[in-house]
Every structure is written in C-alpha cells, then in structure tokens.
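This report describes a single protein chain, moving from its overall make-up to selected details of its packing. Please keep the sequence and the structure in view while reading.

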Amino acid sequence: LGASQMERLQDYIKRRHEIADRYTRELVNLPLKLPAQSDFAYSAYHLYVIRLDLMAIAPLTHIEVFQALRDRGILVNLHYIPVHTHPYYQKMGFVWGDFPHAEAYYGSAISIPIYPTLTGASQTQVIACLHEILES
C-alpha cells in the first residue's frame with residue numbers, strides 16, 4: 001500500500017498546496033494565525049493548523065470554536081496535547097504550567113480539514129463556518 005501511495009505522493013502534495021493556498025487567501029482577515037511556509041522548506045501540509053487569537057475572539061474560547069465547527073459537521077481536531085500532560089509524565093511529577101508555551105499552543109490550535117480529496121464545496125463550507133463563528 002505504501003509503495004503504491006508513493007507513486008501519487010507529488011500529486012497529493014500539489015493538491016494539499018492548492019487547498020492550503022485557498023485557506024490562506026480566504027481566512028487571512030479572521031482573528032487567527034495561519035501556517036507559515038518557509039522559504040527554505042516545502043511543506044507537505046499534512047495538517048493545516050490555525051491558531052486562534054484568543055484575545056480578539058473573547059469571550060469565545062478555543063473549545064467553543066472547536067465544538068461549534070464540530071456541531072456544523074466540520075471534522076476538526078486538536079493538535080497536539082503537550083507531552084508533559086499525558087498520564088505517564090504526570091506520574092513522573094510534571095504538571096500543567098511547567099511548559100507554558102506548549103500549553104498556549106495547544107490552547108489555541110485547531111487543525112482544519114486538508115486532504116487530497118477535499119472537494120471545493122466542502123472547503124467552502126469550512127471557510128464559511130469559520131467566518132460565521134469568528135465574525136459574530
């Protein structure tokens with residue numbers, strides 16, 4: 001399966017870039033931070049993670065935005081739970097507050113749909129829902 005996917009890898013990455021470019025164009029004016037593309041690297045856009053500007057959207061919270069998108073049928077995810085908050089590390093004595101930057105990232109980041117077969121109509125729905133939620 002992996003070998004057969006390698007034959008299509010460049011097409012998948014090209015399609016993900018098309019989707020990412022549209023997100024970047026159509027979400028740029030919302031209160032969030034979009035993924036950056038470095039000059040020295042070429043992202044495969046495995047994920048498209050937006051970071052909410054929590055001050056600008058208050059009193060709306062990260063979890064409320066996540067849930068509002070889910071309630072509208074948008075399959076968003078939260079990435080990544082800080083390692084030190086996993087049970088194994090909690091047993092070792094790590095606690096919330098130990099790594100505030102990782103926790104802040106986790107508390108503002110939402111992965112929105114990006115995959116090669118995402119249709120234009122589905123992407124339009126994602127974009128419209130983000131505008132509706134964040135501009136109200």
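## Overall architecture

The model is predicted, and its chain contains 7 helices and 3 strands, which follow one another along the sequence in the pattern α-α-β-β-α-α-α-α-β-α. Taken along the principal axes, the C-alpha atoms fill a box of roughly 45 × 40 × 30 Å.

Of the 136 residues of the chain, 33% count as buried, while the accessible surface comes to about 8600 Å², with 59% of that area belonging to carbon and sulfur atoms. Among the contacts in the chain with a separation of 6 or more, 69% are accounted for by residues 24 or more positions apart.

## Helix 7 and its buried side

Helix 7, spanning residues 120-134, has 15 residues and reaches 21 Å from its first C-alpha to its last, which is close to the 21 Å expected at 1.5 Å a residue. The buried residues of helix 7 are Q123, V126, I127, C129, L130, I133 and L134. Because these residues cover an arc of only 160 degrees around the axis, they lie on the same side of helix 7. As a general point, an α-helix has 3.6 residues a turn, so residues three or four places apart point the same way.

Which elements do the buried residues of helix 7 pack against? Their partners are helix 2, strand 1 (32-33), strand 2 (48-52), helix 3 (54-57), helix 4 (62-71) and strand 3 (109-112).

## The largest nonpolar core

The largest nonpolar core has 28 residues, of which Y23, Y48, I112, L130 and L134 touch the most other members. At least two residues of this core come from each of helix 2, strand 2, helix 4, strand 3 and helix 7, and helix 7 gives the most, with 6 residues.

Once neighbours within four places in sequence are left aside, Y48 is in contact with A20, Y23, T24, L34, P35, I110, S111, I112 and I114.

## Aromatic pairs

A search of the whole structure finds 6 aromatic pairs. One of them joins Y23 and Y48, whose ring centres are 5.0 Å apart and whose planes stand at 40 degrees, so the pair is tilted. Since Y23 lies in helix 2 and Y48 in strand 2, the pair ties together parts that are 25 residues apart in sequence. Both Y23 and Y48 are buried.

Y88 and Y89 also form an aromatic pair, in this case edge-to-face, with 5.0 Å from centre to centre and 85 degrees between the planes. Are these two residues buried or exposed? Y88 is exposed, because its relative accessible area is 56% and the cut-off for exposure is over 50%, whereas Y89, with a relative accessible area of 30%, is partly exposed. Together with F94 and F99, Y88 and Y89 form one aromatic cluster.

K14 is found in helix 2, which covers residues 9-27. At 53% relative accessibility, K14 counts as exposed. The C-alpha atoms of K14 and Y45 are separated by 9.6 Å, although the two residues are 31 residues apart along the chain.

Definitions and conventions. Residues are numbered from 1 along each chain as its sequence is written. This is a predicted model: local features need pLDDT of at least 70, side-chain atom pairs count only at pLDDT 80 or more; totals for chains, interfaces and linings use all residues. Side-chain values use heavy atoms; hydrogens and water are left out. Helices (H or I, at least four residues) and strands (E, at least two) are DSSP runs, numbered from the N terminus. Buried means under 20% relative accessible area, exposed over 50%, partly exposed in between (1.4 Å probe, protein chains only). The expected span of a helix is 1.5 Å times one less than its number of residues. The arc is that of the directions from the helix axis to the C-beta atoms. Contact means heavy atoms within 4.5 Å. A nonpolar core is a set of buried Ala, Val, Leu, Ile, Met, Phe, Trp, Tyr and Cys residues joined through side-chain atoms within 4.5 Å. Rings of Phe, Tyr and Trp (its six-membered ring) pair if their centres lie within 6.5 Å; planes under 30 degrees apart count as stacked, over 60 as edge-to-face and the rest as tilted. Accessible areas come from the Shrake-Rupley method with a 1.4 Å probe; for residues, only the protein chains shown count as cover.
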